[in-house]
Amino acid sequence: MASPNLRPLEDGIERDVAAMNYGSYLHLHTLLSAQVPVSDHHDEMLFIIQHQTSELWMKLVLHELRSAIRLIASDDLGPALKRLARIKHIQKQLTDQWSVLATLTPSEYAQFRGLLGHSSGFQSLQYRVMEFLLGNKNAAMLAVFRHDPDAQQQLRDALDSPSVYDEFLKFLARRGYPIPHRLLERDWSSPHSLDEELVDVFVDIYARPREQWDVYETCEELVDIEDNFQTWRFRHMKTVERIIGYKRGTGGSSGVAFLKRALDLTFFPELWAARTGIGEGASGADAGPPDSANSANSAASAGTEGTQQ
């Protein structure tokens with residue numbers, strides 16, 4: 001008599017899967033062989049997997065972000081909004097992972113930290129590319145990748161390319177918004193700085209959302225992404241503080257103090273600055289979506305589920 005705690009295999013379940021199967025499709029042998037501790041300490045596996053999974057999620061962020069940039073550049077805002085919405089969910093995964101690493105105590109990390117040499121998350125290529133594509137450009141970072149010419153070239157390409165915000169401003173200009181010309185033809189390798197004229201453009205967009213819902217929604221998607229990114233930066237800083245206190249980083253930085261300064265960086269300064277002027281002298285315009293959503297809003301609604309704070 002079969003055990004009530006046993007689930008028999010159905011006849012239709014494939015048993016001859018020597019060709020394409022779950023493991024071969026995902027290259028699991030390669031993936032699960034990539035964790036190579038440099039010590040025999042139990043908790044180093046956590047440290048490795050935390051960083052490797054973060055890199056996998058960042059790879060997906062870059063996949064979505066590069067696509068969003070291309071779509072915005074081709075005036076295809078609807079699918080771009082879907083990409084941005086997906087990025088927000090990935091960011092939640094990245095942020096939540098810090099709570100797992102936070103279970104590593106200072107005494108546990110000290111058992112193998114000295115064996116890491118100068119390796120540091122500061123040297124994450126994907127993280128730096130992600131920052132650059134969002135707008136935090138810093139040419140000095142190229143020197144950190146001098147040891148790897150291919151990686152350095154990838155970073156240089158991101159440095160010299162318009163960020164997602166740059167492409168959004170160019171999109172707005174093509175739509176007829178009064179974007180200052182100096183912001184449309186500039187040195188893309190320099191970080192964008194607050195422009196008061198541009199603040200006024202966004203104040204006007206927020207004052208009349210029903211007339212330009214796709215643009216209004218894109219503004220909020222970008223704010224969501226920066227909000228999430230800053231939350232990730234804060235959790236990173238606090239996790240480091242919790243585990244190593246105020247020691248210098250393995251990569252040579254001042255550690256917590258250096259990470260804390262990143263919280264002062266911004267990707268989309270005008271979208272934040274505009275909030276001060278929103279509602280000044282407002283006539284009580286309806287902030288709800290238009291009765292008949294345009295194609296961009298319709299395409300985005302499947303993935304955005306509204307703005308996500």
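I began with burial: 42% of the 309 residues in the protein chain are buried, where buried means under 20% relative accessible area, exposed means over 50%, and partly exposed lies in between, with a 1.4 Å probe and protein chains only. I noted that this is a predicted model, in which local features need pLDDT of at least 70 and side-chain atom pairs count only at pLDDT 80 or more, while totals for chains, interfaces and linings use all residues. Residues are numbered from 1 along each chain as its sequence is written, and side-chain values use heavy atoms, with hydrogens and water left out.

**Entry 1: the overall build**

I looked up the secondary structure and found 14 helices and 0 strands in the protein chain. Helices (H or I, at least four residues) and strands (E, at least two) are DSSP runs, numbered from the N terminus. I recorded that the C-alpha trace spans about 70 × 60 × 35 Å along its principal axes. I then turned to contacts, meaning heavy atoms within 4.5 Å. Of the contacts with a separation of 6 or more, 74% are between residues 24 or more positions apart.

**Entry 2: helix H11**

I asked what span helix H11 should have. The helix covers residues 213-244, and at 1.5 Å a residue its 32 residues should span 46 Å; the expected span is 1.5 Å times one less than the number of residues. The end C-alpha atoms of H11 are 46 Å apart, which agrees. I found H11 mostly covered, with 24 of its 32 residues buried. Just after H11, Gly245 takes a positive phi of about 65°.

**Entry 3: enclosed spaces**

I searched the whole structure for cavities of 30 Å³ or more and found 2. On a 1 Å grid over the protein atoms alone, a cavity is a set of points where a 1.4 Å probe fits but cannot get out; a pocket is an open set with protein on both sides within 12 Å along at least five of seven lines; lining residues have an atom within 4 Å of a point. Grid points are joined across faces, edges and corners, and a volume is the space filled by probe spheres set on the points.

The largest cavity holds about 50 Å³ of space. I listed its lining as Gln91, Leu94, Met130, Phe229 and Trp232. Helix H4 (77-96) and H11 each supply at least two residues of this lining. I counted 4 nonpolar, 1 polar and no charged residues there. In this scheme Ala, Val, Leu, Ile, Met, Phe, Trp, Tyr, Cys and Pro are nonpolar, Asp, Glu, Lys and Arg are charged, and the others, Gly among them, are polar.

The second largest cavity has a volume of about 40 Å³. Its lining consists of Val61, Leu65, Ile87, Gln91, Met130, Leu134, Ile225 and Phe229. I noted at least two residues each from helix H3 (44-73), H4, helix H7 (125-134) and H11. The lining has 7 nonpolar, 1 polar and no charged residues.

**Entry 4: an open pocket**

I looked next at the second largest pocket, which has about 250 Å³ of space. H3 gives the largest share of its lining, 6 residues. Among the lining residues are Leu31, Gln52, Glu55, Lys59 and Gln126. By class I recorded 5 nonpolar, 4 polar and 2 charged residues.

**Entry 5: Asn136**

Is Asn136 buried or exposed? I found Asn136 buried, with a relative accessible area of 9%, in the loop between H7 and helix H8 (149-159). I looked for its polar contacts, defined as pairs of N or O atoms within 3.5 Å; within protein, one must be able to donate a hydrogen and the other to accept it, and residues adjacent in sequence count only if both atoms are side-chain atoms. A polar contact of 2.8 Å joins the side chains of Asn136 and Arg233. A polar atom of the Asn136 side chain also lies 3.1 Å from the backbone oxygen of Thr266. Leaving aside neighbours within four places in sequence, I listed contacts of Asn136 with Glu131, Arg233, Leu265, Thr266 and Phe267.

Most residues other than glycine have a negative phi. His27, in the loop between H1 (22-25) and helix H2 (28-31), has a positive phi of about 50° although it is not a glycine. His27 is exposed, with a relative accessible area of 54%. Asp75, in the loop between H3 and H4, has a positive phi of about 65° and is not a glycine either. I recorded Asp75 as partly exposed, at 43% relative accessible area.
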